[in-house]
Amino acid sequence: MATGQAPGNPIPAMRTYPPVEHPVVVIGPQYLAQYPVDLGVNSDFKVSDINGTLIFQVKSKLLSLRRRFLKDAAGNTLVNLRHKIRTMHGRWEAFRGESKEQSDLIFTAKKSKLFQFKTELDVFLGNNKGEVPDFKVKEGNSESSCSILLGDSNTMLAQVHGRHTLAIMPNVDYAFIVALVVVILNGNNADDHGDAAITGLNVLNGVIEGLGS
């Protein structure tokens with residue numbers, strides 16, 4: 001019986017994205033890699049590489065349901081994220097370390113529109129006082145995937161696949177991408193003791209519920 005592809009059968013096209021022209025540094029240059037970085041997020045919100053090595057962990061403090069802390073493998077706080085509950089677009093703010101000072105604001109993230117069928121988030125760096133976002137998060141073809149893009153361009157920085165797998169492009173601050181994923185995943189399954197029970201969480205439903213509350 002004949003096998004293989006028939007002669008002349010068309011080959012599916014590959015989607016291409018413009019490469020990152022310049023390093024994208026938000027949290028720090030020490031989180032740049034010259035190669036693609038694949039990370040996984042488990043049910044305890046521990047972030048590991050393809051070898052299972054712990055890279056980051058996400059915690060919260062008792063009675064701090066609206067605040068999350070991105071820590072390195074040694075437990076040092078890199079970023080704390082606060083959910084502003086009394087905003088129309090469900091704004092999140094990310095500060096350096098454990099600071100709450102505006103001078104230490106790294107970025108803010110909010111829904112692009114108050115009502116939307118496909119989730120989009122606008123992300124503004126701390127010094128951006130305008131209306132054009134520095135980054136965007138866009139829902140993919142399925143509700144369990146999304147893309148992180150540079151501004152309003154098609155330049156891909158990272159993708160979230162299958163709820164807990166991150167594919168990050170070279171020369172992109174992977175700590176920043178993980179901080180954004182904290183916002184994406186921290187929809188409605190976080191507890192007060194710092195372990196986010198994200199098993200079975202639909203990524204973009206989490207965005208809608210977490211950012212819209």
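The largest nonpolar core of this predicted model, a nonpolar core being a set of buried Ala, Val, Leu, Ile, Met, Phe, Trp, Tyr and Cys residues joined through side-chain atoms within 4.5 Å, comprises 46 residues. Within this core the most contacts are made by Phe-56, Phe-107, Ile-168, Phe-176 and Ile-177. Helix α1, spanning residues 174-185, gives the most to the core, with 12 residues. When neighbours within four places in sequence are left aside, Phe-56 is in contact (heavy atoms within 4.5 Å) with Tyr-31, Lys-46, Val-47, Leu-70, Lys-71, Asp-72, Leu-78, Tyr-174, Ala-175 and Val-178.

Residues are numbered from 1 along each chain as its sequence is written. Local features need pLDDT of at least 70 and side-chain atom pairs count only at pLDDT 80 or more, whereas totals for chains, interfaces and linings use all residues, and side-chain values use heavy atoms, with hydrogens and water left out.

The chain contains 2 helices and 12 strands, these being DSSP runs numbered from the N terminus (helices H or I, at least four residues; strands E, at least two). Along the sequence, the order of these elements is β-β-β-β-β-β-β-β-β-β-β-β-α-α. Of the 213 residues, 46% count as buried, where buried means under 20% relative accessible area, exposed over 50% and partly exposed in between (1.4 Å probe, protein chains only). The accessible surface of the chain, from the Shrake-Rupley method with a 1.4 Å probe, comes to about 11300 Å², and 52% of this belongs to carbon and sulfur atoms. Among the contacts in the chain with a separation of 6 or more, 41% are accounted for by residues 24 or more positions apart.

Side chains of opposite charge can pair when their charged atoms come close. With a salt bridge taken as a side-chain nitrogen of Lys or Arg within 4 Å of a carboxyl oxygen of Asp or Glu, the count comes to 2. Lys-136 forms a salt bridge with Glu-120, the closest N and O atoms being 3.7 Å apart; because Lys-136 lies in strand β9 (residues 135-139) and Glu-120 in strand β8 (residues 120-125), this pair ties together parts that are 16 residues apart in sequence. Asp-122 likewise forms a salt bridge with Lys-136, at 2.4 Å between the closest N and O atoms, and, since Asp-122 lies in strand β8 and Lys-136 in strand β9, the pair ties together parts that are 14 residues apart in sequence.
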